[in-house]
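Please look over the sequence and the model shown here. The briefing that follows goes through selected features by topic.

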Amino acid sequence: MKRTAVIRAFANGGEAVGNLEDGKTVFVRGAVPGETVEVEILQEKQRYSRARLVSVINSSGCRIASDCPHFPACPGCSYRHVPYQTELEWKQKQLEYMARDYPDIKFDPPVGAKSRNHWRNKLTLHISNGVCGLISDDNYTVTPVKSCLLAVPEINELIKHADLSKNFRPTWRYTRQDGAMLLKENKDSRVLTEELENHGTFKVNADAFFQTNNAMADKLVSRTVELVKASGKKRLYELYCGAGVFSAACLEKIPYLEAEAVEITASSIIRARTNAAMRGVSGRCRFFAGDAGKFFEKCSPEKGKFLLLTDPPRTGMDKTAINSIKKHLPEKIIYISCAADTLVRDIRALSEHYRPVEMTVFDMFPGTAHFEVLTVLELI
């Protein structure tokens, strides 16, 4: 059944959101705020509907032609049909709306990428019944993708030669020193060398987390180093440290700093120690394998003499980590998040003791619905 909708915004998650003729909220991929569109309802919920864009009745002046033949059927991108500056503006609006309960926050201008294209150094697709691509919004259909504009060219070259004879989820990864490769399906024990322009090389596990956009990661690390240095603190605790990139970079740039950091994956801690050794800072840091919250809970930091840095996964910090922060009460927290919704949830959980004073969007994932946020929280 076809309906008419008036589009008013880009929602967090990248879909356009508007209202049907009867006022019901509708989400539709590929529309632009300010447009009147014809849609086909795909999913009916009590409070909202999801729909497919059929045609544009009244077009927005912001609409541009998509440079990707897979858009909007492929759910990998959300903003291919508007200028990049418009994308940044909406990501900023989404963050400010989610943090609307904190009116005193200083929102810095978003830090954008040089290009929407060819930044992704890691890509996972789905191969099902001889089709290679991304799972569509129905969570079932595979949208064919022969080449992804987000991925670096070296990964796209490997996609051409993907084995379509079996059903699996291939993951390709690329580094400048190691080239492009298909990761092993279970555990890939290879050690790769990643590189950030202003912070040198880092050893990482092939199957472990590393930011998918090296250029933007370099900007995020640089800003973090600036904030740690500006704090004047001589001790840094880092939760969810991964391969120790932030701690190692801070220790290298701040000669008086000492650090302790924790990561749940033991193999990543081995890499973190290597990255510290490569910079000659091993004597000023200790890396631990374990649960972030339990680790910090057992620490004995001198009150007011340390800074906390946390970079949790998309799910945010768990209750143990939150409670350990409430126990030790660092004067300042630098919270790096790839999911603004769980970030705001965690800020709310800490609001008895902390207030967010600064937030910055780092567009780590241009073209897509996602973005990174760097937040500074201060003790009340």
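**Briefing: barrel, cores and helices**

Five strands form a closed barrel in the order β1-β2-β3-β5-β4, with mixed pairing. Neighbouring strands of this sheet are turned by 50 degrees against each other on average, direction ignored. The model is a predicted one. Elsewhere in this model, the largest nonpolar core has 68 residues, and helices α3 and α4 cross in a right-handed sense.

**Strand pairing in the barrel**

- Strands of a sheet pair through backbone hydrogen bonds, in either a parallel or an antiparallel arrangement.
- The parallel sense is found between strand β3, residues 25–29, and strand β5, residues 48–58, which pair over five bridges.
- Within that pairing, V26 has S49 of β5 as its bridge partner, and F27 has R50 of β5.
- Strand β4, residues 36–44, runs antiparallel to β5 and is joined to β5 by eight bridges.
- The link from β4 to β5 is a hairpin of three residues.

**Nonpolar cores**

- In the largest nonpolar core, of 68 residues, those with the most contacts inside the core are I155, F287, I334 and L374.
- Helix α3, residues 214–231, supplies the largest share of this core, namely seven residues.
- Apart from this core lies another one of 33 residues, which includes I105, F296, L329 and Y335.
- Which residues does F287 touch, not counting residues up to four places away in sequence? They are C241, G244, S247, A261, I269, A272, R273 and A276.

**Helices α3 and α4**

- Two packed helices are described by the angle between their axes and by the distance between the axes.
- For α3 and helix α4, residues 245–253, the axes come within 9 Å and cross at roughly 55 degrees.
- Angles under 35 degrees count as roughly parallel and those of 65 to 115 as roughly perpendicular, and α3 and α4 are therefore oblique to each other.
- On the α3 side the contact is made by L220, V221, T224, V225 and V228, and on the α4 side by V245, F246, A249, C250 and K253.

**L220 in helix α3**

- L220 is a residue of helix α3.
- Is L220 buried or exposed? Its relative accessibility is 1%, and buried means under 20%, so L220 counts as buried.
- Leaving out residues up to four places away in sequence, L220 touches Q211, F246, I336, F362, M364, E372 and L374.
- One of these, F246, is also among the α4 residues that make the contact with α3.
- Another, L374, is listed with the residues that have the most contacts inside the largest nonpolar core.
- L220 and Y48 lie 36 Å apart in space, C-alpha to C-alpha, and 172 residues apart in sequence.

**S324 in helix α7**

- S324 sits in helix α7, which spans residues 319–328.
- With a relative accessibility of 1%, S324 counts as buried.
- Leaving aside neighbours within four places in sequence, S324 is in contact with G293, F296 and E297.
- Of these, F296 is among the residues of the 33-residue core.

Terms used:
Residues numbered from 1 in each chain as written. Predicted model: local features only at pLDDT ≥ 70, side-chain atom pairs only at ≥ 80, totals over all residues. Heavy atoms only, no water. Core = buried A, V, L, I, M, F, W, Y, C linked by side-chain atoms within 4.5 Å. Buried < 20%, exposed > 50% of the residue type's maximum accessible area, 1.4 Å probe, protein only. Helix = DSSP H or I, 4+ residues; strand = E, 2+ residues; numbered from the N terminus. Contact = heavy atoms within 4.5 Å. Pairing = 2+ DSSP bridges. Axes fitted to C-alpha atoms, helices over the stretch in contact; angles between N-to-C directions. Parallel < 35°, antiparallel > 145°, perpendicular 65-115°, else oblique. Left-handed = near helix turned anticlockwise from the far one by under 90°.
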